[in-house]
Amino acid sequence: MSYVDEIMDKVVRENPAQPEFHQAVQEVLESLRVVIDRNEETYRRQALLERLVTPERQILFRVPWVDDKGQVRVNNGMRIQFNSAIGPIKGGLRLHPSVNVGVVKFLGFEQIFKNSLTGLPIGGGKGGSDFDPKGKSDREVMAFCQSFMTELYKYVGANMDVPAGDIGVGAREIGYLYGQYKRLTGLYEGVLTGKGLSYGGSLARKEATGYGLLYLTDEMLRCNGKSLEGKTVAVSGAGNVATYAIEKAWQLGAKPVTCSDSTGWIYDPDGIDVELLKQVKEVRRARLTEYAAARPSAVYHEGKGVWTVKCDVALPCATQNELGLEDAKALVANGCFAVCEGANMPTTLDATKYLQDSGILFCPGKAANAGGVATSALEMSQNSERLSWTFEEVDSKLKNIMVNIFHNLDDAAREYGMEGNYVAGANIAGFLKVADAMLAQGVV
């Protein structure tokens, strides 16, 4: 049995009931097989893959808090610090009922390679809780966040682990978390990113993941003789990533025609009205039915269906495994020629293979959505220097990072005889930097 197959069996055996983590490891190791086989003796002797798939530490804790009725509630909190070979741990905190150890391990494992691809000195990790901020008052959210940080603060710091936001963690939650960290430690440092502009946040951070997705998509198309100009784009999601992907798609000459949330989706043949979407989702925190009610050209559909719309480019920006095999077949049948992932692992393995086999240009999330964590790292730099860069400065750095990511993964795919396989290219380019650092630092 090959070293890769041994490790995949080990991961499934030792991490039962964690299918998302199994999927992430399989996707990465399969595409790394050619690299690992070439260096198998060294990697096996150093147990490199065993160390790579095992987190440095897993912190699990209870989060007790009191709701507005005086009832004590308890949620599960966790932080998976996966790999710090190239820098302090960096990765988001997710607040959502679906959060469990397997989901957080999948996200943290992916984060290792995503962070490596940015070219910035940041390691990979993830965290969160099964707490659901939806329907909670500001006071209840604050109570939860303060309790969560009361345990987490022992394990994070500007040079150790710097969490950011993710699903369910926006500016409000980051503010409450940061305030409690400062209260407990007496330190005013860049321990969290995604902070408000009045206390160390970075301009362009909110826009970064969506903008970065489009910068990379644009570069990928240009390098393949295509362009976003005049193209129809299907987008899933209606959070930060989707909203600012839609905004940047318009700016680059494309027409985004869909968006979605947990209950349904919008098709707007005139193109999504970004300002209306922001009003509905960012200001009112309402459902997309309100977008449809205010926009005569828009049609609202219950459930799923974004990928049935005829489009040239598809950008899944919602959540993991949202684009399955049947969706991939619908995209191909409708003439889609490019898929770039704005969310973390939103495309299932069989759908990814079908898209690649069908000649679709496909870029994985660990590369395409790296703009968020890249700009978080830029926020860390600003905090360290006690400086605040302009929006234009941050946006320019972001664009350069995303263009470089594409060329690095493109070059890696070519070097290993897999030209055009951007999934393999991203994994190889991200892995080689981490592996080199791990080997250089000894058995740790």
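## Leu216 and the main nonpolar core

In this predicted model, Leu216 touches Cys340, Cys363, Ala367, Ala368, Met402, Ile405 and Phe406, leaving aside residues up to four places away in sequence. Leu216 belongs to the largest nonpolar core, a set of 63 residues. Leu216 is also among the residues with the most contacts inside this core, together with Met220, Ile266, Tyr291, Leu315 and Ile405. Helix α8 (residues 205-223) supplies the largest share of the core, eight residues.

Another core, of 41 residues, lies apart from this one; Met8, Ile36, Met78 and Phe113 are among its members. In soluble globular proteins, nonpolar side chains tend to be buried together.

## Helix α8

With 16 of its 19 residues buried, α8 is largely enclosed by the rest of the structure. After the helix comes Gly225, which has a positive phi, near 70 degrees.

Gly212 is one of the residues of helix α8. Its relative accessibility is 0%, and Gly212 therefore counts as buried, the cut-off being under 20%. Not counting residues up to four places away in sequence, Gly212 touches Ala368, Leu398 and Met402. Two of these, Ala368 and Met402, are also touched by Leu216. Between Gly212 and Tyr244 there are 32 residues of separation in sequence, and their C-alpha atoms are 9.3 Å apart in space.

## Helix α2

Helix α2 (residues 19-38) contains 20 residues, of which 14 are buried, and is thus described as mostly covered. From its first C-alpha to its last, α2 reaches 28 Å, close to the 28 Å expected at 1.5 Å a residue. A kink of about 55 degrees in α2 is centred on Leu32.

## The five-stranded sheet

Five strands form an open sheet in the order β1-β2-β4-β3-β5, and their pairing is mixed. The edges are β1 (57-66) and β5 (161-165), each of which pairs on one side only. From one strand to the next, the twist averages 20 degrees. Helix α5 (residues 101-117) packs on the sheet, where it touches β1, β2 (72-83), β3 and β4. The direction of α5 makes about 155 degrees with that of β4.

Strands of a sheet pair through backbone hydrogen bonds, either parallel or antiparallel. Both senses occur around β4. Strand β3 (residues 89-95) pairs with β4 (residues 123-129) in the parallel sense over five bridges, and Leu93 has Gly127 as its bridge partner in β4. Strands β2 and β4 run antiparallel and are joined by six bridges; here the partner of Gln81 in β4 is Gly125.

## The burial of β4

Strand β4 is mostly covered, with seven of its seven residues buried. In a regular strand the side chains alternate between the two faces of the sheet. On one side of β4 lie Gly123, Gly125, Gly127 and Ser129, and on the other Gly124, Lys126 and Gly128; all are buried, and both faces of the strand are covered.

Methods. Residues are numbered from 1 along each chain as its sequence is written. This is a predicted model: local features need pLDDT of at least 70, side-chain atom pairs count only at pLDDT 80 or more; totals for chains, interfaces and linings use all residues. Side-chain values use heavy atoms; hydrogens and water are left out. Two strands pair if DSSP finds at least two bridges between them. Helices (H or I, at least four residues) and strands (E, at least two) are DSSP runs, numbered from the N terminus. Axes are lines fitted to C-alpha atoms, for helices over the stretch in contact, and angles run from 0 to 180 degrees between N-to-C directions. Contact means heavy atoms within 4.5 Å. A nonpolar core is a set of buried Ala, Val, Leu, Ile, Met, Phe, Trp, Tyr and Cys residues joined through side-chain atoms within 4.5 Å. Buried means under 20% relative accessible area, exposed over 50%, partly exposed in between (1.4 Å probe, protein chains only). The expected span of a helix is 1.5 Å times one less than its number of residues. The bend at a residue is the angle between axes fitted to the seven residues ending there and the seven starting there.
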